[in-house]
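Here is a quick tour of a protein model, written for someone new to reading structures. Keep the picture open and look up each part as we go.

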Amino acid sequence: MADLSTANTLSGSTIADPSDDKPAVLIVGGLGYIGRFLALYIHRNKLASEVRLVDKVLPQLARLPSEFAEACSEDKFMQADASKETSLDRMFTLASGRHFSYVFNCGGETRYSQEPSIYALRATALTTNLATHIAKMRPSPNFVEFGTGIVYKSPSSSTISSGGCTETAQLKPWLKIAKAKLQAEEVLEKLAKEQGLKYVCLRLAHVYGEYDVGFLARGLCLARVYQELNKELKWLWSKELRINTVHVLDVCSAAWKAADWCSRNSPTEQSTMADRAFNIVDDGDTKQETLATIVSKIFNIRTGFQGSFISSFARLNLDSVVDDVNDDVLQPWAEMMKRAGVDHGQGSPLSPFMEKELLKDSNLCLNPKKVKEVLGWIVEKEGLTEERLREIIASYERVRWWP
């Protein structure tokens with residue numbers, strides 16, 4: 001007796017595979033921090049028919065914790081440099097013959113204090129090449145760009161008190177990486193106007209979560225050193241300085257909702273860059289004081305803020321101030337890692353090393369009203385808490401990144 005699938009084929013009909021109705025997804029930078037969590041989110045929620053992860057880094061070198069094994073398996077992976085046009089045809093060709101419905105650009109340079117030429121290649125050119133290729137495709141995929149909330153001018157106190165920068169706020173990036181990201185957004189808008197590119201840009205607050213190696217990770221590493229040295233950790237600028245945050249899992253849910261919205265909302269001649277941008281930020285309105293208070297509890301250290309005199313000095317001499325901080329903490333950190341048996345060179349990506357660009361006296365304060373109203377996005381991790389920072393440290397300990 002023929003099996004059911006054979007019988008249906010012989011009779012001229014087939015049983016539909018429920019996955020056929022789901023989109024095929026391409027994640028550029030798929031092994032990066034947001035990319036791997038997005039792959040995991042899609043995998044756990046069974047959202048896609050096919051997923052391809054493209055990255056320059058091989059999975060064996062990407063420090064992938066065990067929970068990403070299936071979501072980022074080698075059969076889903078393709079090594080390629082999406083900033084090079086010669087890679088694009090191969091990236092977008094699926095053996096199944098399907099077309100990608102959603103393309104998420106999680107790739108590009110994420111380090112601060114690099115030369116502008118690095119950002120021009122790994123941020124602006126990457127997005128430009130991807131979007132230009134997509135705009136020519138038929139059917140054309142929906143393109144989700146991961147941008148940054150640092151594209152806005154540092155808001156005034158009145159803007160902060162009214163909820164932060166909206167998507168129509170004045171654009172004045174204050175980091176080199178943000179300038180390159182804004183140039184990429186401008187390219188996307190031009191392609192939307194001229195070729196009908198369907199895109200959306202997510203302007204992110206500081207992203208954090210388990211295995212974080214970004215902005216908040218530096219603060220945790222610094223606090224661990226000051227705990228070891230039994231010193232008070234004093235922060236520059238004021239306790240009111242905004243450093244708004246968003247959990248990586250909330251970023252993933254927002255990205256999926258944004259892709260769905262993009263598929264149903266084509267750009268028009270009247271639409272603007274702000275129309276296709278969404279601020280992605282939690283409800284906690286994170287300030288330096290928030291982080292300092294939590295860090296003090298976790299590490300049982302005294303924390304405070306430098307007075308106006310030292311902060312004024314730092315504005316004029318930031319290079320030397322940052323050098324002094326790094327001189328104080330890098331050697332103790334290396335010694336702590338060695339005592340803990342952690343391979344600081346290859347095993348752990350964590351470091352308390354501070355970059356001048358990370359210490360700008362500028363507010364990152366975003367208003368999430370639009371993304372909630374238009375996309376129906378719900379923030380699950382409403383704000384930065386002691387519990388969530390402890391979860392990050394626990395994740396470091398699981399993979400032996402932490403002294």
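## Before we start

Helices (H or I, at least four residues) and strands (E, at least two) are DSSP runs, numbered from the N terminus. This is a predicted model, where local features need pLDDT of at least 70 and side-chain atom pairs count only at pLDDT 80 or more, while totals for chains, interfaces and linings use all residues. Residues are numbered from 1 along each chain as its sequence is written, and side-chain values use heavy atoms, with hydrogens and water left out.

## A lysine in a loop

Let's begin with Lys287, which sits in the loop between strand S10 (277–280) and H9. Is Lys287 buried or exposed? Lys287 has a relative accessible area of 19%, so it counts as buried (buried means under 20% relative accessible area, exposed over 50%, partly exposed in between, with a 1.4 Å probe and protein chains only). Skipping neighbours within four places in sequence, Lys287 is in contact (heavy atoms within 4.5 Å) with Lys239, Glu240, Leu241, Arg242 and Ile243.

## Helix H13

Now find helix H13, residues 386–398. The expected span of a helix is 1.5 Å times one less than its number of residues. For the 13 residues of H13 that gives 18 Å, and the end C-alpha atoms are 18 Å apart, which agrees.

The buried residues of H13 are Arg388, Leu389, Ile392, Ile393, Ser395 and Tyr396. Looking down the axis, these buried residues fall within an arc of 155°, so they line one face of the helix (the arc is that of the directions from the helix axis to the C-beta atoms). They pack against strand S7 (206–208), helix H7 (215–229) and helix H9 (288–299).

## The nonpolar core

A nonpolar core is a set of buried Ala, Val, Leu, Ile, Met, Phe, Trp, Tyr and Cys residues joined through side-chain atoms within 4.5 Å. The largest one here has 131 residues, and those with the most contacts inside it are Ile27, Met91, Phe92, Phe104, Phe146 and Ile280. Helix H8 (residues 248–264) gives the most to this core, with 10 residues.

Take Ile27: leaving out neighbours within four places in sequence, its contacts include Leu38, Ile42, Val54 and Phe104.

## Aromatic rings

Rings of Phe, Tyr and Trp (its six-membered ring) pair if their centres lie within 6.5 Å; planes under 30 degrees apart count as stacked, over 60 as edge-to-face and the rest as tilted. The structure holds 13 such aromatic pairs. One of them is Phe92 with Phe100, edge-to-face at 6.1 Å centre to centre and 80° between the planes. Both Phe92 and Phe100 are buried.

Trp261 and Phe278 also form an edge-to-face pair, with 5.3 Å centre to centre and 85° between the planes. Trp261 lies in helix H8 and Phe278 in strand S10, so this pair ties together parts that are 17 residues apart in sequence.

Most residues other than glycine have a negative phi, and most peptide bonds are trans. Lys46, though, has a positive phi near 50°, and it lies in the loop between helix H2 (33–44) and strand S2 (50–55). At 59% relative accessibility, Lys46 is exposed.

A cis peptide bond, with omega about 0°, joins Arg138 and Pro139. You'll find Pro139 in the loop between helix H4 (116–136) and strand S5 (142–148).
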